Amino acid sequence: MTLRLSHPLAIIPWLTVAIFLTPVILGLVGTWLPAFGWFPAIGLDRLSLAPWSNLFSHPSFPGALRHTLVTGLGAAALALVSTALLLIGAYPSALFSWLEKSLAPILSIPHAAFAIGMSFLLVPSGWLVRLLALMSDRLDRPPLWSTFQDPHGISLIVTLALKEIPFLLLMCLAILPTLKAQQTLWLANSLGHSNRFAWLWLIFPQLYRQIRLPFFAVLAYSLTVVDIAVIAGPTTPATLAVLITQWFNDPDLSQRTVGAAGAATLLMLLSLIMAGALLLENPMRRLRSHCLERRLSGHWPAWEKPMARLISFVLLFFYAAALLITLIWGLAAQWRYPDVLPSRFSLDKVAHSLTQLSDPLWCTLLLATLSALLAITVVVGCLENEVRLKYGGQKVRGQKILVLLYLPLLIPQIAFIFGFQVWLIRVGLDGTFVALLWSHLVFVVPYVFLTLSGPYRQFDDRFSWLALSLTGRRAHSFWRIKLIILLRPILYAFATGFAVSIAQYLPTIFVGAGRFATLTTEAVALASGSDRRLMAVMALWQQLLPLIVFALATLIPAYRFRHRRAMSQTVS
């Protein structure tokens with residue numbers, strides 16, 4: 001393939017790919033070499049299988065692997081099934097429209113902050129148990145049940161599933177119009193079939209092929225997550241990703257080779273699971289055709305609408321309750337069990353946090369703002385280059401671009417972040433703000449592209465051509481017309497990138513080399529402590545910043561176009 005850079009925009013896609021693929025490639029190499037014993041930094045300069053032997057013989061490895069598979073596969077399956085049930089029972093309806101409007105604030109909540117809120121709800125002395133104690137005399141003391149961080153990983157499965165359902169819903173909403181889902185439902189109804197029949201046998205087979213990559217991203221995250229697993233997961237032993245992180249941070253440097261072998265194992269395990277899912281698609285397609293030919297679709301009770309209502313209630317209840325209980329704990333001065341509300345409130349912790357957390361707060365703000373701005377810049381450049389290629393009669397390889405975008409989301413962070421840190425140490429960039437910003441961009445750019453590409457590609461270029469014919473200046477047409485019309489989706493993409501940056505944990509602790517503290521790293525560090533009020537204040541700051549940015553992304557265009565009804569309809 002010939003690289004043609006005859007136009008200034010042509011370099012932007014290559015620059016964007018370099019931004020988020022270079023760390024992945026270098027990181028994988030830097031992880032796999034220590035996994036086979038090659039780690040010259042600690043005097044290991046011969047290839048060896050000793051790290052793998054030490055990994056497999058470690059007493060915590062079998063239990064960690066079991067917990068990883070149970071929680072990762074369970075959370076991903078629960079999220080996918082719940083999303084399917086919501087679509088079957090509620091799309092299209094007033095309930096689904098209301099749920100759709102709630103997706104932005106739900107998605108803006110960082111993973112660690114939500115997990116902390118869930119802990120306040122579900123621990124044996126949590127709010128739900130206090131509410132039950134209000135109605136029963138048998139709960140005058142916290143029960144001895146393991147309701148959070150349970151040894152079976154149930155709390156981790158539920159927390160992960162609740163966090164991933166909104167993401168899958170958002171991806172489905174972006175694809176359903178292209179599948180003409182509503183027209184398919186109308187056609188099926190006119191032929192005497194139910195909505196359930198249309199969804200299960202007509203729409204979902206097409207929909208799954210379109211959301212395969214997002215689902216694989218959910219699967220990869222669920223199997224390899226660290227921050228939520230530290231807060232909500234089992235501890236005896238922890239999941240494999242948490243165990244690998246502990247090996248990477250062990251004072252004994254030789255344990256880093258064991259951690260590298262564990263990271264490589266996690267990557268191979270994820271690859272096998274994804275390959276198995278791909279191999280199952282053809283048998284499932286043949287089974288679907290067989291059932292349709294023999295009319296074995298079944299006639300079951302109409303359970304889809306009650307299930308959709310139940311899932312919607314559970315989803316919105318836990319997000320609202322987690323936010324409310326976090327706020328209450330942040331303002332509590334004295335709160336004894338089994339009181340439902342604190343006996344005294346105080347702003348002391350919040351006021352104290354302004355001085356104690358000033359450095360993490362400003363570091364988080366700076367990282368999130370810069371990474372979102374840079375991501376918007378390169379993504380707009382890539383999309384403008386697509387426009388140039390389209391009107392130049394050249395083909396845009398959209399599917400290949402999509403696969404490249406999802407690559408950092410499909411490869412576990414733990415599988416390449418350590419290796420990337422090793423390369424940064426070699427070139428003297430380890431622990432620098434530039435390297436930390438780069439590591440955040442690896443994950444911010446794909447989400448910004450996925451958020452902005454749809455509205456940007458749907459823009460009616462006749463507006464730009466009209467402006468160009470009146471002014472004769474392309475820059476004027478771009479800045480004064482196109483970007484103004486696309487202000488709402490651009491601001492929403494910025495808010496998405498801002499929230500993604502705030503949620504980053506592993507890149508900050510590895511690439512930052514402990515020199516940069518953010519709200520997320522501090523929240524995870526405090527999650528194992530006993531000061532719930534400080535944990536709550538930290539989680540509140542984590543949730544407040546993305547919510548403010550998402551609110552501004554909604555309010556700024558509304559105010560900017562308050563006197564232009566047609567413009568408001570165009571950008572909405």
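**Exercise 1. Determine whether glutamate 386 is buried or exposed, and which residue meets its side chain in a salt bridge.**

Solution. Step 1: the relative accessible area of glutamate 386 is 12%. Buried means under 20% relative accessible area, exposed over 50%, and partly exposed in between, with a 1.4 Å probe and protein chains only. Glutamate 386 is therefore buried. This is a predicted model, in which local features need pLDDT of at least 70 and side-chain atom pairs count only at pLDDT 80 or more, while totals for chains, interfaces and linings use all residues. Residues are numbered from 1 along each chain as its sequence is written, and side-chain values use heavy atoms, with hydrogens and water left out.

Step 1: the side chain of glutamate 386 meets that of arginine 457 in a salt bridge, at 2.7 Å from N to O. A salt bridge is a side-chain nitrogen of Lys or Arg within 4 Å of a carboxyl oxygen of Asp or Glu.

Step 2: glutamate 386 belongs to helix H17 and arginine 457 to helix H20 (residues 433-457), so the pair ties together parts that are 71 residues apart in sequence. Helices (H or I, at least four residues) and strands (E, at least two) are DSSP runs, numbered from the N terminus. Arginine 457 has 44% relative accessibility and therefore counts as partly exposed.

**Exercise 2. State which residue forms a salt bridge with lysine 482, and where the two residues lie.**

Solution. Step 1: the partner is glutamate 384, and the closest N and O atoms are 2.6 Å apart. Step 2: lysine 482 is in helix H22 (residues 474-485) and glutamate 384 in helix H17 (residues 358-391), so this pair joins parts that are 98 residues apart in sequence. Step 3: lysine 482 and glutamate 384 are both buried.

**Exercise 3. Describe the salt bridge between glutamate 281 and arginine 285, and the network to which they belong.**

Solution. Step 1: the two side chains meet at 4.0 Å, N to O. Step 2: both residues lie in helix H14, 4 residues apart, about one turn of the helix. Step 3: glutamate 281 is buried at 14% relative accessibility, whereas arginine 285 is partly exposed at 32%. Step 4: a network of salt bridges links Arg212, Glu281 and Arg285. The count of salt bridges in the model comes to 4.

**Exercise 4. Identify the cavity count, and the residues that line the largest cavity.**

Solution. Step 1: on a 1 Å grid over the protein atoms alone, a cavity is a set of points where a 1.4 Å probe fits but cannot get out, and lining residues have an atom within 4 Å of a point. Grid points are joined across faces, edges and corners, and a volume is the space filled by probe spheres set on the points. Step 2: there is 1 cavity of 30 Å³ or more. The largest cavity holds about 40 Å³ of space. Step 3: its lining includes Thr68, Leu156, Ser222, Leu223 and Thr239. H3, helix H8 (154-179) and H11 each give two or more residues to this lining, and H11 gives the most, with 3 residues.

Technical notes: On a 1 Å grid over the protein atoms alone, a cavity is a set of points where a 1.4 Å probe fits but cannot get out, and a pocket is an open set with protein on both sides within 12 Å along at least five of seven lines; lining residues have an atom within 4 Å of a point.
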